[in-house]
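Please look at the sequence and the structure together.

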Amino acid sequence: MTVADALRDRRSCRSFTDEPLADGVVDDLVDRARRTPSAGNSQGVEFLVLEGADVAAYWDVTLPPERRAAFPWPGLLRAPALVVPCGMADRYVERYAEDDKAHAGLGTSADDWTVPYWLVDAAFAAMALQLLAVEAGLGCCFFGLFEHEAAVVARFGLPDDARAVGTIALGYPDPTGARPSGSTVRGRRPLDEVLHRGGWA
Ligand SMILES: Cc1cc2nc3c(=O)[nH]c(=O)nc-3n(C[C@H](O)[C@H](O)[C@H](O)COP(=O)(O)O)c2cc1C
């Protein structure tokens with residue numbers, strides 16, 4: 001499978017079978033996904049990996065049982081693994097305080113960064129993880145934490161500087177439970193709408 005194949009084949013999978021992932025599969029995916037670039041080679045992306053009882057604990061704080069009956073993707077909760085890529089802001093600030101980066105003026109506070117590269121880098125790693133999952137024959141779905149980030153931070157003890165950019169559900173796809181979301185059915189914008197050669201006309 002080429003990178004182009006994986007990009008083409010990846011779709012958000014919102015229903016999984018009960019089949020567990022073999023031991024070490026998620027760790028291996030994370031290990032390879034973390035090869036993506038990072039600002040100043042800060043390597044400030046870390047991954048909360050949840051399997052087994054930890055998956056249930058995640059859903060308990062983000063989708064309490066009383067709200068589940070109305071949840072349109074019950075098969076998403078069967079995903080045997082969840083990965084939450086986190087951008088660790090302090091790693092970037094500390095890296096940019098080092099001699100070779102001090103000229104950038106970003107080594108004092110995360111507030112000085114016009115682009116928070118810990119989010120950029122976490123997104124890079126999240127995308128790599130999804131492509132690697134597709135290559136491994138798995139289904140995956142990246143979804144936002146939205147108002148639940150604080151609950152996940154508290155439940156799983158993330159440090160203060162960690163920004164959890166979203167959650168990636170991983171597992172074997174259940175085609176019988178596939179149900180498009182309102183977002184998924186939107187058409188793809190034409191290339192000439194998004195490609196601005198030489199500037200916005
Ligand atoms: C930042 C981000 C947040 C998303 N949040 C959700 C979400 O909360 N729930 C969901 O079902 N899908 C979510 N998605 C998945 C998108 O709906 C999906 O990627 C988009 O509709 C395109 O469909 P595809 O992934 O199948 O190509 C999110 C995707 C991204 C990139």
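Helix 2 (residues 25-33) packs against helix 6 with their axes 8 Å apart and at an angle of about 130 degrees. Helices here are DSSP runs of H or I with at least four residues, strands are runs of E with at least two, and both are numbered from the N terminus. An axis is a line fitted to C-alpha atoms, for helices over the stretch in contact, and angles run from 0 to 180 degrees between N-to-C directions. Helix 2 and helix 6 are therefore oblique to each other, since angles under 35 degrees count as roughly parallel, over 145 as roughly antiparallel, 65 to 115 as roughly perpendicular and the rest as oblique. The contact is made by Leu29, Val30, Arg32 and Ala33 of helix 2 with Ala125, Ala128, Leu129, Leu132 and Ala133 of helix 6; two residues are in contact if their C-beta atoms, placed from the backbone, lie within 7 Å.

This is a predicted model, in which local features need pLDDT of at least 70 and side-chain atom pairs count only at pLDDT 80 or more, while totals for chains, interfaces and linings use all residues. Residues are numbered from 1 along each chain as its sequence is written.

Ala57, Tyr58, Val61 and Thr62 of helix 3 meet Ala151, Val152 and Arg155 of helix 7.

The largest nonpolar core has 45 residues, and Leu82, Val83, Leu129, Cys140 and Leu170 have the most contacts inside it. Its largest share, 10 residues, comes from helix 6 (residues 117-135). Such a core is a set of buried Ala, Val, Leu, Ile, Met, Phe, Trp, Tyr and Cys residues joined through C-beta atoms within 7 Å. A residue is buried if 20 or more other C-beta atoms lie within 10 Å of its own, exposed if 12 or fewer, and partly exposed in between, with C-beta atoms placed from the backbone. Leaving aside neighbours within four places in sequence, valine 83 is in contact with Val26, Val30, Phe47, Val49, Leu129, Ile168 and Leu170.

Two loops remain. Most residues other than glycine have a negative phi. Asparagine 41, not a glycine, has a positive phi of about 55 degrees. Asparagine 41 lies in the loop between helix 2 and strand 1 (45-51) and is exposed, with 9 other C-beta atoms within 10 Å. Phenylalanine 146 also has a positive phi, near 45 degrees. Its place is in the loop between strand 3 (139-143) and helix 7 (149-156).
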